[in-house]
Amino acid sequence: MEMNQEKLCTNKADTSSESAYHCSACHDDEEWSSTSRGRAKSRSLSASPALGSTKEFRRTRSLHGPCPVTTFGPKACMLQNPKTIMHIQDPASQRLTWNKPPKSVLVIKKIRDASLLQPFKELCVYLTEENNMIVYVEKKILEDPAIANDDNFGPVKKKFCTFREDYDDISNQIDFIICLGGDGTLLYASSLFQGSVPPVMAFHLGSLGFLTPFNFENFQSQVTQVIEGNAALVLRSRLKVKVVKENREKTTIQNGIEENGVVSTNIEKEVGKQIMQYQVLNEVVVDRGPSSYLSNVDVFLDGHLITTVQGDGVIVSTPTGSTAYAAAAGASMIHPNVPAIMITPICPHSLSFRPIVVPAGVELKIMLSPDARNTAWVSFDGRKRQEICHGDRL
């Protein structure tokens, strides 16, 4: 697992060359000089005249902010801020801009929640009839009887574009996302986009709203501001997770025949490997599952064994996820702008292992210990739960 930093429209260049960053999407004639950590070819901290002036230079600015040519989805990117250091955007002053006017919007609401039906209908009517936008909704939302049997909503519903999770790829068709619900709805929206995520506007209509700051009472003006590009951005890091599992093929061997049919035995064979990848906004949780034995997993950092977790499991979380399951397990809270990954044990058997924070960019590997007596289970933001056996690794 490693921290995924989306930097589209940029190319990694050798620090000794004179190549430049170039954004073809929104800066046709503007080039960005290549930088390497604390050094920039065209402008450096040591040569900056702003160092002696406290009015022009704020030491509270983060040097770990996103590249100013970062894009989100097919049309959105970050508005350029002239008050940057080494061409790194100040995380506290990020603004949204559009390369082209947005035309398509994905509306996600919590399934089977009667309280969200009216806000959902009002929002869809506003987007389709007053803004002439293409609205994408999940197919199972329209199968709700309260929506399917509403004749007044029928003309609007016919204009929708529908999709099915895990079947249809809409990553290059959505300009921005609107969520109606709580934090779980936003996490679900994040899971639909395994690459670049379009800007997400989340209205707090659920039980938990740490990530959903908008109030639905005046949604028209707020949605209009986003469409016009008059909105601030808060970037959140995600974990890039690769699951490598040993394929075990089941073959059936007939042992005998009984009165009701054939008695057979299933035998597993290892045939190759299966690799799956996920983008995770909150956390990856490895737990012992239904077994009564404690989980016993090894945690490696850049190829070196750092600890063996014996307990109920371990949580690997982003700064966003540090306020979720990790905080409940006794971890500290990390500001979203901090480039870090948190490793938190769940009810460890030994008190010698406490929550630790490692820098973003490192590679973590988790696998069952050789002497583990049972398998483990892993979930990604509470979804895609699956079993991890000996020989498998994250």
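**Entry 1: Val223 and the cores**

I started at Val223, which touches Leu123, Tyr126, Leu127, Ile178, Met201 and Phe203, leaving aside residues up to four places away in sequence. A reminder to myself before going on: this is a predicted model.

Val223 turned up again when I looked up the largest nonpolar core, which has 34 residues. The residues with the most contacts inside this core are Phe120, Leu123, Leu127, Phe160, Ile178 and Val223. Which helix gives the most to this core? I found that helix 1, residues 117-130, does, with 6 residues. I also noted a second, separate core of 27 residues, which includes Val243, Val358, Ala372 and Leu394. For context, nonpolar side chains tend to be buried together in soluble globular proteins.

**Entry 2: helix 6**

Next I went to helix 6, residues 219-227, and listed its buried residues: Phe219, Gln222, Val223, Val226 and Ile227. They lie on the same side of helix 6, because they cover an arc of only 140° around the axis. What do these buried residues pack against? I wrote down strand 8 (96-98), helix 1, strand 12 (176-181) and strand 13 (200-204). Just after helix 6, I came across Gly229 with a positive phi of about 85°.

**Entry 3: Ser104**

I then looked up Ser104, which sits in strand 9, residues 104-109. Is Ser104 buried or exposed? Its relative accessibility is 5%, so I count Ser104 as buried, the cut-off being under 20%. The side chain of Ser104 reaches the backbone oxygen of Gln173 at 2.4 Å. Gln173 is also among the residues that Ser104 touches, as are Met133, Ile134, Tyr136, Ile174, Asp175 and Phe176, again without residues up to four places away in sequence.

Which residue of strand 22 is the bridge partner of Phe300? I found Lys365 there.

Val297 is also in strand 17. With a relative accessible area of 2%, Val297 is buried. I listed what Val297 touches beyond four places in sequence: Val286, Thr307, Thr308, Val309, Val314, Ile366, Met367, Leu368 and Ser369. I also took the C-alpha separation of Val297 and Gly311, which are 14 residues apart along the chain, and got 9.0 Å.

**Entry 4: strand 20**

My last stop was strand 20, residues 340-346. Why is strand 20 largely enclosed by the rest of the structure? Because 7 of its 7 residues are buried. Ala340, Met342, Thr344 and Ile346 point one way from the strand, whereas Ile341, Ile343 and Pro345 point the other way.

Strand 19, residues 313-317, pairs with strand 20 in the antiparallel sense over 5 bridges, and Val314 stands opposite Pro345. This is the Val314 that I had already listed among the contacts of Val297. Strand 21, residues 356-359, pairs with strand 20 in the antiparallel sense over 4 bridges. In strand 21, Val358 is the bridge partner of Ile341, and Val358 was already in my notes as one of the residues of the second core.

Conventions. Residues numbered from 1 in each chain as written. Predicted model: local features only at pLDDT ≥ 70, side-chain atom pairs only at ≥ 80, totals over all residues. Heavy atoms only, no water. Pairing = 2+ DSSP bridges. Helix = DSSP H or I, 4+ residues; strand = E, 2+ residues; numbered from the N terminus. Buried < 20%, exposed > 50% of the residue type's maximum accessible area, 1.4 Å probe, protein only. Polar contact = N/O pair within 3.5 Å; in protein donor to acceptor, adjacent residues only side chain to side chain. Contact = heavy atoms within 4.5 Å. Core = buried A, V, L, I, M, F, W, Y, C linked by side-chain atoms within 4.5 Å. Arc of directions from axis to C-beta.
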